[in-house]
Amino acid sequence: MQIVDLRSDTVTLPTEAMRRAMTEAVVGDDVYGEDPTVNHLQELGAELTGKEAALFLPSGTMGNLVAVLAHCGRGDEVILGNKAHTFLYEAGGISALGGVHSCQLPNQQDGTMLLDDIRAAIRPDEAHHPVTRLITLENTHNRCGGVALTPEYTRAVGDLAQERGLLLHMDGARIFNAAVSLGVTAQVLAAPADSITFCLSKGLCAPVGSVLCGSKAFIHQAHRIRKQLGGGMRQAGILAAAGIVALETMIDRLAEDHARAKRLAQGLAEIPGMVLDPGTPFTNMIFTGLSESVRLDTREVAQRMDEHGIRVGVVGKRRFRLVLHYWIDDAGVERAVQAFADVLSLA
Ligand code: TLP
């Protein structure tokens, strides 16, 4: 039975074209800066985000960590959302490894933090307080339903940061989903930020890797921190080759995932017991819950869905996350709807 894996877009396998590019990649020692394929990927990443320079990293988590460590010193404070991936899912790395203090502000449903909340959170210059150094945003915002932050909002946060002498980092793990859904370029979305991380290994299907982009001076510093963290990779061009294929061929097609997410949501909305989050989906993710009439909890439902060959993401006792990606076609969407209908009719 073919599995329809809706748990995440991180489960995507590399395409045939990626596998071919990986076998044929010209490589060198990237710690010496001598891997032409890594260098090419970094140039592409910088160009796509409109930054001066870029750095290839093993993961999005390391990209965010390196960015925060490059922007902040020990004891400095970063302002981020209470639903930010960096706050929830990166094992507290910024504090554990960087001694960076975090100030978590409520994320609104649309993935933003209120400008007034940010203003109020900036510390006065006083010996009792840590020094506020950095603001981070997430686009698209994972735990806020995969919603895209608009260029206007990002610009407003960028202006505020600049006014108050702060830096702005963007966790743009899915920045191309945001760009495609808003009909703007990633450059526009990244422009107000001093740095941005984007991932190659989610909707873009590359097997490994993220790219951190920013000014030349910032990337110089980030390069040293990546080495400190053990993230300097040698013949990494094998991986970067897949990343190049991802950037050259997989961005525009993300619109197909967004369209399938809409179709899946429409199908699910018809099923008694399913309660979709308002507005879902915004991009390639659906957040949905079980009504009180359903006796089973999400784990039990997920187990039964597994028996139908459908894997779903459990994000709470009553909530699922379903993520569309390259390896889920129209037939997969139909099968997922049918399986939910069958499982919930017996639940
Ligand atoms: N997100 C994963 C899980 O960790 C939750 C997923 O399945 O969505 N920023 C954002 C916004 C992310 O969603 C993720 C991964 C990362 C950073 C980290 O990327 P990796 O997994 O490459 O370290």
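Tutor: Let's start with a rule: two strands count as paired if DSSP finds at least two bridges between them. Keep in mind that this model is predicted.

Student: Thanks! What makes strand 12 and strand 13 a pair?

Tutor: Two bridges join strand 12 to strand 13 (residues 319-323), and at least two are needed, so the strands pair. They run antiparallel, and Val314 stands opposite Phe320 in strand 13.

Student: Why are strand 9 and strand 12 called edge strands?

Tutor: Strand 9 (274-276) and strand 12 (313-314) each pair on one side only. The open sheet has four strands in the order 9-10-13-12, with antiparallel pairing.

Student: Which helix packs on the sheet?

Tutor: Helix 13 (residues 298-307) does, touching strand 10 (285-290), strand 12 and strand 13. Its direction makes about 40 degrees with that of strand 13.

Student: How do you know which kinds of residue make up the contact of helix 1 with helix 11?

Tutor: Look at who meets whom: Ala17, Met18, Ala21 and Met22 in helix 1 meet Ile238, Leu239, Ala241, Ala242, Val245 and Ala246 in helix 11. Ala, Val, Leu, Ile and Met are among the types that count as nonpolar, and the contact residues divide into ten nonpolar, no polar and no charged.

Definitions and conventions: Residues are numbered from 1 along each chain as its sequence is written. This is a predicted model: local features need pLDDT of at least 70, side-chain atom pairs count only at pLDDT 80 or more; totals for chains, interfaces and linings use all residues. Side-chain values use heavy atoms; hydrogens and water are left out. Contact means heavy atoms within 4.5 Å. Axes are lines fitted to C-alpha atoms, for helices over the stretch in contact, and angles run from 0 to 180 degrees between N-to-C directions.
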